[in-house]
Amino acid sequence: MKIIFYGVRGSIPTSSAETIKYGGHTACLFAEVDNKLLIFDAGTGIRKLGNDLINDLRDIHLFFSHYHWDHIQGFPFFKPAYQSGRNIHLLAAYLPRKNVKAVLDQMADPHFPVPGDQIQAKVSVMPMDEEDNVQLEKTKITTCALNHPGGGAAYRVETKEGCFAYITDNELDPPHHLNTTWEQWVEFLQGVDLLIHDAMYLDDELSGIHGWGHSLISQTMQLAKDANVAHLVLFHHDPDRHDKALDRILKDCQQWMKKVCANCTVTMAKEGDVYQIIKSVVQLN
Ligand SMILES: [Zn+2]
Ligand SMILES: [Zn+2]
């Protein structure tokens, strides 16, 4: 299976010489799995993804972690939404079902000239089973509730080739009620080859942001170690975090993994990076 990062930034897009290496678009991940097109979140990165998919008319399965702006704001500029004959299946687990098309509501007047109910693609909601999971032929997608203001969903995608998990906007140790405990996350991640997880803040930033629904990089690292994940990608970068700082943090993280003798490769999510999972081996091309 192939996974491509189209947007890696949290909260708001950023465009500057200092953020050009890792990229400034907000959350959007593309995965081609068992001949199916899967997209996770529709941040501003989805605009380019839409351009890349314009001649690929297969159905699109669009999974939302939640509906905060940085995860939906690219959708009005997603060209496949304006193609008649295109099928787009949406899913936002752990959010009220009646709001599942909230991504279209952002296009209402006076925010956008084309109302969401006038796009040409046929939009439907993906059915889930009783345990809030989805089976797309050979691909099994399981979900878990995020620790984030307003809630949201983590996704685990499993095929014969391997398994990855997409967990963003998740606070591993929040000061308020926990939807999912540390132990439950470790269990959810058993057998995952590639983990993409929120890693927005540094330890010394905690006092200002505790309860905002994001993880410390150190917590995300510990989770990958505890869950024996083979490859961790640090995701949802703070918009004020410049490339040089991300380079430094990545080095520290790699050294930490070595120090604790964890057999886990760590990389920083970077726009345009393509990962392959073949027979449970992760490659960054
Ligand atoms: Zn976010
Ligand atoms: Zn959020």
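This is a predicted model: local features need pLDDT of at least 70, side-chain atom pairs count only at pLDDT 80 or more; totals for chains, interfaces and linings use all residues.

Residues are numbered from 1 along each chain as its sequence is written, and chains are lettered from A and ligands numbered from 1 in the order in which they are written.

I then followed the strands (DSSP runs of E, at least two residues, numbered from the N terminus, as are helices, runs of H or I of at least four). Strand β1 (residues 2-7) runs antiparallel to β2, with 5 bridges joining them; two strands pair if DSSP finds at least two bridges between them. On to strand β3 (residues 36-40), I noted that β2 pairs with it over 5 bridges, again in the antiparallel sense, and that A31 stands opposite L38 of β3. The hairpin of β2 and β3 leaves 2 residues between them, and D34 in the turn has a positive phi of about 50 degrees.

I checked burial next (20 or more other C-beta atoms, placed from the backbone, within 10 Å of a residue's own; 12 or fewer is exposed, in between partly exposed). In β2 (residues 28-33), 5 of the 6 residues are buried, so the strand is largely enclosed by the rest of the structure. Over the chain, buried residues make up 45% of the 285 residues.

Last, I recorded that the chain has 6 helices and 15 strands, and that its C-alpha trace spans about 55 × 40 × 40 Å along its principal axes.
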